[in-house]
Amino acid sequence: MSPLVICSRLTCCFVLPLHDLERGEFTLLPRSCPVCDAEVISFCLECGFPIIGSGEEHQFECRVCHSDLKLTFADKTENRKHSVN
C-alpha cells in the first residue's frame, strides 16, 4: 500500500501512487490532474486521513471514515463557492 493522489473530477479515473515500493522512491504531488487538468486529492476532506492503496484499484472511498472522496470534494468545493458569493 502506498499514499495515492486521485483526480477530483467525478468522471476521471486518474490515480497516482506517490511511493514506488519497488524502487523506494517518492513521486512529487502533481499540481493538477495530467489527464483532465482538474484538482487532485491526496487526503480525505472529512477526516484528514491520507488516501492509500495499491494504485490499481479505482475505489474512491476513505479507508477510515468511508466517505466517498470525490463526492465529498465536490460538496466541499460547491459549499466553498456559495460561501464566497
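Reader: Is Cys33 buried or exposed?

Author: Buried means under 20% relative accessible area, exposed over 50%, and partly exposed in between, with a 1.4 Å probe and protein chains only. Cys33 has a relative accessible area of 2%, so Cys33 is buried. This is a predicted model, in which local features need pLDDT of at least 70 and side-chain atom pairs pLDDT 80 or more, while totals for chains, interfaces and linings use all residues. Residues are numbered from 1 along each chain as its sequence is written, and side-chain values use heavy atoms, without hydrogens and water.

Reader: How many disulfides does the count come to?

Author: A disulfide is a covalent bond between the sulfur atoms of two cysteines. Here the rule is a pair of cysteine sulfur atoms within 2.5 Å. The count comes to 0. For Cys33, the nearest cysteine sulfur is that of Cys7, 3.7 Å away.

Reader: Where is Pro3, and which residues does Pro3 touch?

Author: Strands are DSSP runs of E, at least two residues, numbered from the N terminus. Pro3 lies in strand S1, residues 2-7, and is partly exposed at 31% relative accessibility. Contact means heavy atoms within 4.5 Å. Leaving out residues up to four places away in sequence, Pro3 touches Leu16, Pro17, Leu18, His19, Ile51 and Ile52. Pro3 and Ile51 are 48 residues apart in sequence, yet 5.7 Å apart in space, C-alpha to C-alpha.

Notes. Helices (H or I, at least four residues) and strands (E, at least two) are DSSP runs, numbered from the N terminus.
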